[in-house]
Amino acid sequence: MEAGEAITESRGNAHKLEVVAASLQRGGRAGGIGAVRPVLRDVSFSVRSGEAFGIIGPSGAGKTTLLRLLNGLETPDRGSVLVDGEDVARMDVLDLRRRVGMVFQSPALFPGTVGSNVCYSLAIRGIPDDERECRGLACLGRVGLWDEFWDRSASELSQGEQQRVAIARALVNEPEVLLMDEPTSALDPTSASRILSVVRSLNRDVGVTIVFVTHLMHQAREVCDRALVLVGGRSVEEGHVPGLFEDPRSELTRRFIAGELDAGSGTPGGGPDCGRADCGPAGEGGA
Ligand SMILES: Nc1ncnc2c1ncn2[C@@H]1O[C@H](COP(=O)(O)OP(=O)(O)O)[C@@H](O)[C@H]1O
Ligand SMILES: [Mg+2]
């Protein structure tokens with residue numbers, strides 16, 4: 001599909017995000033020395049406005065890289081990424097980051113208070129103190145933390161509380177889309193479950209479009225309406241949840257669900273070749 005066709009289709013179907021035939025290579029040192037490896041290979045999908053969309057697959061599959069394309073932290077070598085039909089490559093980066101927020105695996109808060117973390121981006125935009133505090137406290141409440149947290153040092157919070165502050169920090173810009181990269185991976189089960197319920201509520205009650213990266217099927221079931229299965233940098237299957245897990249069409253999806261794809265197997269060129277057309281030959285060079 002050409003990018004122009006995607007734009008037209010996007011407006012007709014209220015697609016919030018589209019990735020069109022995106023490929024990305026990594027590696028290769030200056031002077032042409034060192035191997036170049038495909039990380040994403042001809043990946044296409046779209047996310048509807050208000051949807052909770054999962055990107056699932058084993059470690060090394062390219063999930064984080066794919067997510068980073070969606071707010072311009074990475075640029076594809078080929079293909080395009082569209083937000084509301086507009087090519088990310090041509091958008092103002094600050095506007096893009098306001099509209100498409102991101103929550104990383106590790107919260108990586110700044111030293112300082114919870115309030116200063118939550119309101120950081122409002123401060124650099126010159127929003128007045130009282131408005132900052134009002135918006136920041138509302139976001140803190142949205143993630144289940146109360147006002148008493150505002151003046152506490154971010155470093156003294158538990159990991160789960162820190163991740164909730166990171167979500168509040170992303171929410172303060174009132175993003176239309178929230179990209180979440182395995183946001184519970186460093187958390188105990190209780191904290192993880194709190195984060196999942198915050199994500200569900202943001203999607204269902206507030207209407208934020210969510211793209212949720214995980215390698216955990218139960219999390220995808222809990223959060224996502226639809227999901228894309230990524231293995232070895234390729235999209236192997238996309239479908240509704242939980243149907244995708246109950247009746248997978250791709251052998252690779254079946255093997256992933258069965259826990260038969262271990263960490264290294266997600267890596268392009270490094271994994272198993274199941275022998276089917278949808279598997280992709282291991283070590284195939286072309287992105
Ligand atoms: N900055 C980088 N330089 C070189 N290779 C990278 C870089 N980031 C990721 N990769 C490689 O790209 C592949 C996909 O990585 P990633 O997107 O992090 O996968 P996932 O999130 O699914 O675990 C892996 O083989 C990884 O080693
Ligand atoms: Mg990752």
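This report describes the confidence, ligand surroundings, helix packing and backbone geometry of a predicted model.

In this predicted model, local features need pLDDT of at least 70 and side-chain atom pairs count only at pLDDT 80 or more, while totals for chains, interfaces and linings use all residues. Residues are numbered from 1 along each chain as its sequence is written, and chains are lettered from A and ligands numbered from 1 in the order in which they are written.

**Confidence**

The protein chain has a mean pLDDT (the predictor's confidence in each residue, from 0 to 100) of 88, and 85% of its residues reach 70 or more. Over residues 1-12 the pLDDT is below 50, and this stretch has 16 contacts beyond near neighbours in sequence; two residues are in contact if their C-beta atoms, placed from the backbone, lie within 7 Å. Residues 268-287 also stay under 50, with 39 contacts beyond four places in sequence. Where pLDDT is low, the predicted coordinates should not be read in detail.

**Ligand 1**

Around ligand 1 there are 13 residues, of which Arg26, Ala61, Lys63, Thr64 and Thr65 come nearest; a residue is near if its C-beta atom, placed from the backbone, lies within 6 Å of the molecule. Strand S1 (15-29) and helix H2 (63-69) are the elements that give two or more residues to this shell, and H2 supplies the largest share, three residues. Elements are DSSP runs numbered from the N terminus: helices (H or I) of at least four residues and strands (E) of at least two.

**Helices H7 and H8**

The axes of H7 (residues 159-171) and H8 (residues 189-206) come within 9 Å and cross at roughly 20 degrees. Axes are lines fitted to C-alpha atoms, for helices over the stretch in contact, with angles from 0 to 180 degrees between N-to-C directions. H7 is therefore roughly parallel to H8, a term for angles under 35 degrees. The contact involves Gln159, Gly160, Gln163, Arg164 and Ile167 of H7, together with Ser191, Arg194, Ile195 and Val198 of H8.

The table gives the composition by class, where Ala, Val, Leu, Ile, Met, Phe, Trp, Tyr, Cys and Pro count as nonpolar, Asp, Glu, Lys and Arg as charged, and the others, Gly among them, as polar.

| Site | Nonpolar | Polar | Charged |
|---|---|---|---|
| Shell around ligand 1 | two residues | nine residues | two residues |
| Contact of H7 with H8 | three residues | four residues | two residues |

**Backbone geometry**

The peptide bond from valine 241 to proline 242 is cis, with omega near 10 degrees. Proline 242 lies in the loop between strand S10 (234-240) and helix H10 (243-246). Alanine 108, a residue other than glycine, has a positive phi near 45 degrees, and sits in the loop between strand S6 (100-103) and helix H4 (114-118).

Terms used
Parallel < 35°, antiparallel > 145°, perpendicular 65-115°, else oblique.
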